[in-house]
Amino acid sequence: MINKIKKNKKILFIVNHDWFFTSHRLPIALGCINKDFEVHLGSNFSESKEIYIKNGIKTHQLNILRTSINPF
């Protein structure tokens with residue numbers, strides 16, 4: 001018998017504000033969750049953070065300035 005090793009599939013979305021994620025990427029993220037991906041979101045968060053957590057998206061606070069072009 002061959003043991004199958006289940007690899008954890010993960011995807012990370014990084015956006016400067018969570019409203020952009022909600023309006024443009026949330027359906028994609030939820031589709032990934034339905035396909036057994038572990039979904040992470042790095043962003044500046046507003047009151048929407050609880051919605052992401054309730055839907056199984058792991059959140060990571062990033063302080064990204066919209067006026068900066070350097071992600072580091």
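**Entry 1: getting my bearings**

I count helices as DSSP runs of H or I with at least four residues, and strands as E runs of at least two. With that settled, I looked up the elements of this predicted model. The protein chain has 3 helices and 3 strands. Reading along the sequence, I get the pattern β-α-α-β-α-β.

**Entry 2: the whole chain**

I checked how much is tucked away: 25% of the 72 residues in the protein chain count as buried. Next came the accessible surface, which is about 5900 Å² for the protein chain, with 57% of that belonging to carbon and sulfur atoms. I also looked at contacts with a separation of 6 or more, and 54% of them join residues 24 or more positions apart.

**Entry 3: zooming in on helix 2**

Which residues of helix 2 are buried? I found Leu 26, Ala 29 and Cys 32, in a helix that spans residues 26–34. Looking down the axis of helix 2, I see these buried residues fall within an arc of 120 degrees, so they line one face of the helix.

**Entry 4: around helix 2**

What covers those buried residues? My list includes strand 1 (9–14), helix 1 (18–24), strand 2 (37–43) and helix 3 (49–54). Then I turned to the face of helix 2 that points away from its buried side, and there I found the exposed residues Pro 27 and Asn 34.

Notes: Residues numbered from 1 in each chain as written. Predicted model: local features only at pLDDT ≥ 70, side-chain atom pairs only at ≥ 80, totals over all residues. Heavy atoms only, no water. Buried < 20%, exposed > 50% of the residue type's maximum accessible area, 1.4 Å probe, protein only. Contact = heavy atoms within 4.5 Å. Areas by Shrake-Rupley, 256 points an atom, 1.4 Å probe, with all protein chains shown as cover. Arc of directions from axis to C-beta.
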